[in-house]
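Please look over the structure shown below together with its sequence. The briefing that follows takes up a few local features in turn, grouped by topic.

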Amino acid sequence: MNHRILALVATTTFVGGLMVGHYGLPRGRTVMIPVAKNEPARNSFSQPRPTSQRDRIKSGDSLRRPNINNTIENSIAHPADRSLHDEVRHLIESADVKDLPAALDAILSLPNQRERNMFISTLISRWASNDPTTAGQRALQLPAGPIRDMALQLVIATWCEQSAEAAYAWANTLSAGPGRDDALREVLSRWSSTDPKRAASMAVALPSGAVRDQAIAGVAEQWAQKDPRAALGWAETLGEGHDVAWQSVLAAWTQNEPAAAAAYVAALAPGKTKEQVAGAIARQLAKSDPQTALSWIEQLPNDGTRQNSLEPVLTEWSETDPKAAAEFALQNSSGETRENLIAAISYQWAQTNPAAALAWTQDLSDPTVRDALLPGMVSAAAEDNPSATAEMISRLSGDAQLLATSSLISQWAGTDPQAASAWAASFPQGEMRDQLFANLMNRWAKTDPSSAATWLDSLGADESRDAAVGALISRIASADPQAAVQWAATINDTAMRETETQQAVQTWFEVDPASARAWLANSNLDDEIKRRFLTPQG
């Protein structure tokens, strides 16, 4: 077994020890027992030291289930004794292949998950090296989960070292389903590291669908590790699957030779394809290191490609450091691209840390940027807790506070108008309170005009109430012009009352002139208004 298989065994052994215990088998299966969370520790001094079975193995005794059971139990009872673990592995490696199924059943019944996974990896590798077909079938019979995945990978890795063609032929004989899909992808991925052209032809021959796309992507990535230009040449010959292969090759190439990959992308003809490829590469780089991704973007031509590639990078970066991502976008982008980038970052930031996001926004030196960002940030922050957002907004000042309060009241009125109205009423008389009342009524009257009108009736006469009545009139004038005219008459400010009344009457005449004329003729409205609307135009 070469070093690649040994490396896989070692890796799966280590990972197996870290697996979460809830990946056990379903109830009703007796071959696996979950790890007990409070399993009492076994004192190695209270258990007898097992006698060695090496002499029996060396003398030609075949493996028997009681022997491996005894050895495994002793190994678990004495976890500090590494020689016992070595002895179990020796038993597995020396076993007759026909005894391996029984040995696997014994191992699967072990309560200690770490030991179980370690011994499974050893046994499956041993089994696959002698009888990969049977080992593969047994691996697929394991319940879906980490143990099954590990076993299948070990079988295919071992088999592909012997004959990737045979492994692929076996995978193709499996019944349709997740097991077959997993096996095909794994075989093609392994095969592509030794014979990428052959693996590529097999991947392309698969039926259209997710499995084919994933297989093509895996082959392209493996091929690109050794010869990216040859892999690109292959990708260019594809029809269906071209984009998947192309982007996978470029992503792998970028990891190994970022400058060369950037030069290739820069030489592509301007257009959507170039931008999509650059964005896909940048996104992949950003997942591991945003700074590396940004450095790579700097090597791209200073056109739409560079600007558009920033979006996926800054999106990834903003998940860990939104302030740094936002400030980078401010300094290194422009126009509509900058607006979109900062808006996306700030919205995400406001969902996770609204206080910091709002404070940063208020301190922006460019009021145009600040005013564009605040509504979206307030909306994001208020989704879960409008009351807490209201408290944060109280710490803002000036135009920023006015804009933020207007955004919040409009959103809050849609979910809890009573709470929103109480908050609006808590502000002192002034421009901000007037604006809050108007925004509140505009949203409230849209969804529940009756409740909104009841709240208006409870208010005393002042400028804020007048602002709210004006908003109500604008909302209901077309649907109920008579009510709009009657509400206009309750406005306290004389000039505003006359203006709103005339506008409401004008709307009524446009909607239903006969009814408007009849009502107006018998109303108590000012004679000047009556003459204006009732006198024939001629």
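In this predicted model, the buried residues of helix 17 pack against helix 15 (272-288), helix 16 (290-298), helix 18 (322-332) and helix 19.

**Helix 17**
- The buried residues of helix 17 are T305, R306, Q307, S309, L310, P312, V313, L314, W317 and S318.
- Helix 17 is made up of 15 residues (residues 304-318), which at 1.5 Å a residue should span 21 Å, and this agrees with its end C-alpha atoms, which are 21 Å apart.

**The largest pocket**
- The largest pocket holds about 150 Å³ of space, and its lining consists of G335, R338, E339, I342, T368, V369, A372 and L373.
- Two elements, helix 19 (335-352) and helix 21 (367-382), each give two or more residues to this lining.

**E236 and its surroundings**
- E236 belongs to helix 12 (residues 228-236), and because its relative accessible area is 43%, it counts as partly exposed.
- Apart from its neighbours within four places in sequence, E236 is in contact with H242, W246 and Y264.
- W246 is 10 residues from E236 along the chain, and the C-alpha atoms of these two residues are separated by 7.4 Å.

Terms used:
Residues numbered from 1 in each chain as written. Predicted model: local features only at pLDDT ≥ 70, side-chain atom pairs only at ≥ 80, totals over all residues. Heavy atoms only, no water. 1 Å grid on protein atoms, 1.4 Å probe; cavity = no way out; pocket = protein on both sides within 12 Å on 5 of 7 lines; lining within 4 Å. Points joined across faces, edges and corners; volume = space filled by probe spheres on them. Helix = DSSP H or I, 4+ residues; strand = E, 2+ residues; numbered from the N terminus. Expected span 1.5 Å × (residues − 1). Buried < 20%, exposed > 50% of the residue type's maximum accessible area, 1.4 Å probe, protein only. Contact = heavy atoms within 4.5 Å.
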